[in-house]
Amino acid sequence: MAINLKATASDVKSGLADPLQLHYIPASINGDGPANVEKFFTPYTDNQPGGVLQNALRGYPLLGKEMTLPEGYTGVIFQETKKPLSSEDDRNFTFGGAFRTLTYWNYDRNPTQNDPFSKALNWLKLSEVLHGEEDEIDAPKPEPALSKKNKVKQEKDSSS
């Protein structure tokens with residue numbers, strides 16, 4: 001079985017001209033498709049102090065915040081329009097939209113940097129540092145290690 005993703009750079013560019021309004025909600029919903037978020041969810045979102053958003057889903061309180069993807073990253077959504085008949089068949093996904101911001105929600109607690117989703121975005125930054133091009137760092141160079149003999153001599157010189 002192969003997974004085929006169909007998208008072009010122009011698809012992503014046009015998708016960013018009218019970006020998706022994406023919500024990451026900690027819930028399992030038995031549905032696969034668009035939701036009328038603008039009518040049934042967004043009007044009930046309240047802004048709290050500190051940039052925290054408040055809403056509810058089926059009576060459960062939600063607290064969230066809007067997050068921006070790190071510089072240079074774009075989120076892409078793919079849709080599968082025709083499910084394969086067997087697990088052996090190829091799966092085909094087409095471009096569904098693009099985004100650079102999303103709203104991240106938690107049940108009944110403020111989103112923090114310790115949430116798994118926030119940590120995942122921090123891994124992107126860490127990956128760039130580890131795998132990016134090396135730049136010279138203007139940091140002081142450490143003193144060379146002294147042998148016991150030189151250390152004893154240096155102590156005698158400083159006590160004189």
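**Close-up views of a predicted model**

**View 1. Tyr44 and its partners.** Setting aside neighbours within four places in sequence, Tyr44 is in contact (heavy atoms within 4.5 Å) with Lys39, Gln54 and Asn55. This is a predicted model, in which local features need pLDDT of at least 70 and side-chain atom pairs count only at pLDDT 80 or more, while totals for chains, interfaces and linings use all residues. Residues are numbered from 1 along each chain as its sequence is written, and side-chain values use heavy atoms, with hydrogens and water left out. You will find Tyr44 in the loop between α2 (37-40) and β3 (46-47); helices (H or I, at least four residues) and strands (E, at least two) are DSSP runs, numbered from the N terminus. Gln54 is 10 residues apart from Tyr44 along the chain, and their C-alpha atoms are separated by 8.3 Å. Tyr44 counts as exposed because its relative accessible area is 54%, the cut-off being over 50% with a 1.4 Å probe and protein chains only.

**View 2. The three-stranded sheet.** Here an open sheet of 3 strands runs in the order β1-β7-β6, with mixed pairing; two strands pair if DSSP finds at least two bridges between them. β1 and β6 (75-79) stand at the edges with a single partner strand each, so one side of each lacks a neighbour in the sheet.

**View 3. Strands β6 and β7.** Now look at β6 and β7 (residues 91-99), which pair in the antiparallel sense over 5 bridges. Gly75 stands opposite Phe99 in β7.

**View 4. The start of the chain.** Met1 lies in the segment before β1 (3-6). Met1 is exposed, with a relative accessible area of 58%.

How values were computed:
Buried means under 20% relative accessible area, exposed over 50%, partly exposed in between (1.4 Å probe, protein chains only).
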